[in-house]
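Let's work through a few exercises together, one step at a time. Keep the structure open beside you as you read.

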Amino acid sequence: QILQDTYMDLALDPDNGIGIVVAGYMLETPSDAQADHLNKVCVTCNDAVNTALDRTSAPTMAPQFKDSDPGGAGEQQQPRSCNGSPASCDRRANEILYATMHNAMATLEDGFAAPNHNLSLEQGLRAGVRGLSIDSCICDGVVVFCHSWCLAGSRSPVTVLNHVLEFLDENPNEIVLVEIQINDGSFCGLWDVLRSQLAGANNHTYVHPGLNVEWPYISDLIDMNQRLILFQHGHEINNEGSDC
C-alpha cells in the first residue's frame with residue numbers, strides 16, 4: 001500500500017530479493033507525473049512480489065532431504081533451509097536482512113490505541129517476520145511492553161517472549177532478532193524478568209563476545225540452538241553495583 005504523502009522508489013532484484021527504498025517525503029499531493037511513476041512502480045513491485053512468492057516456502061520445520069537411492073541414482077538431495085532460504089545458511093548473522101515489525105507490540109489485535117499493525121506479532125512471525133522492534137516501559141510500577149503511553153495499551157514481556165520461544169521451538173531452522181527500546185529506566189526490571197521468569201530465553205539466546213569478533217554463520221546458530229538475538233537501545237547501562 002502506497003500512501004499519498006509518501007514518494008517511494010524501488011530497487012528490485014527478483015532473483016535475490018526485493019528492496020524498498022523511501023526516496024523522499026512530500027508535503028503536498030503528488031503531481032500527475034509522480035502519481036504516474038508511483039503507479040508504474042506499484043505494478044513492477046507487484047509483479048516482483050508475485051515472482052518471489054512463487055519461489056518462497058513457509059518456515060521450514062526441519063532440514064528436508066530426499067535420497068531414495070543412496071547409490072546416487074535417486075532424487076537429488078534438497079538443500080537445508082535457514083530462515084526460509086538455503087542461501088542464508090552460509091551467511092553470517094550480520095549478512096542477512098530480517099523482515100521486522102516496528103513497534104511490534106502495538107497492534108489492533110492486542111487492543112492498542114493508534115496501533116502500528118492490525119495483527120499481532122505472533123501472527124507476524126507465522127507470516128515470515130523475523131525481527132521484532134519493541135519498546136519497554138513501566139506502567140503502574142510494572143515493566144511492560146508499551147508505546148510510550150501506558151493508557152494506549154501494553155503487553156506482558158513474559159507472554160510476548162514466551163510466544164517467541166514457542167515459535168522457535170516449533171520452527172527449529174528459524175532465527176528471531178528482538179530489538180528493545182528501553183524507556184522509563186526499565187532496563188533492570190526487564191533484565192530481572194528475563195533472568196527469573198524466562199529460563200528458556202537464556203538457553204536460546206546468542207551472546208556475542210565482542211565488537212571485533214565475527215558473527216557466527218546462520219547454520220551454526222541453528223546447530224547450537226542459540227536462535228534468539230537480543231539488542232537494546234535507549235538506556236545508558238551502568239553495571240556498577242547491580243547485577244543488571
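**Exercise 1.** Decide whether Cys150 is buried, partly exposed or exposed in this predicted model.

*Solution.* 
Step 1: Take the relative accessible area of Cys150, which is 31%.
Step 2: Recall the cut-offs, where buried means under 20% and exposed means over 50%.
Step 3: The value of 31% lies in between, so Cys150 is partly exposed.

**Exercise 2.** Find the partner of Cys150 and describe the link they make.

*Solution.* 
Step 1: The sulfur atoms of Cys139 and Cys150 are 2.0 Å apart.
Step 2: A disulfide needs two cysteine sulfur atoms within 2.5 Å, so this pair forms one.
Step 3: For the handedness, look at the torsion about the S-S bond: with -90 degrees, the link of Cys139 and Cys150 is left-handed.
Step 4: Now place both ends on the chain. Cys139 belongs to strand S4 (residues 131-139), while Cys150 sits in the loop between strand S5 (142-146) and strand S6 (154-155), eleven residues apart.
Step 5: Cys139 has a relative accessible area of 11%, so this residue is buried.

**Exercise 3.** Work out how many disulfides the model has, and describe the other pairs.

*Solution.* 
Step 1: A disulfide is a covalent bond between the sulfur atoms of two cysteines.
Step 2: Cys82 and Cys89 form a disulfide with 2.0 Å between their sulfur atoms. The torsion about their S-S bond is about 100 degrees, so this disulfide is right-handed. Cys82 and Cys89 are both buried.
Step 3: Cys137 and Cys146 form a disulfide too, with their sulfur atoms 1.7 Å apart. Cys137 is buried, with a relative accessible area of 1%, and Cys146 is buried at 0%.
Step 4: The count comes to three disulfides.

**Exercise 4.** Describe the second largest pocket: how much space lies in it, and what lines it?

*Solution.* 
Step 1: Start with the volume, which is about 680 Å³.
Step 2: Turn to the lining, which has 19 residues; Trp191, Thr205, Val207, Leu230 and Phe231 lie nearest the centre of the pocket.
Step 3: Sort the lining by class: 14 residues are nonpolar, five are polar and none is charged.

Conventions
Residues numbered from 1 in each chain as written. Predicted model: local features only at pLDDT ≥ 70, side-chain atom pairs only at ≥ 80, totals over all residues. Heavy atoms only, no water. 1 Å grid on protein atoms, 1.4 Å probe; cavity = no way out; pocket = protein on both sides within 12 Å on 5 of 7 lines; lining within 4 Å. Points joined across faces, edges and corners; volume = space filled by probe spheres on them. Nonpolar A, V, L, I, M, F, W, Y, C, P; charged D, E, K, R; others polar. Buried < 20%, exposed > 50% of the residue type's maximum accessible area, 1.4 Å probe, protein only. Helix = DSSP H or I, 4+ residues; strand = E, 2+ residues; numbered from the N terminus.
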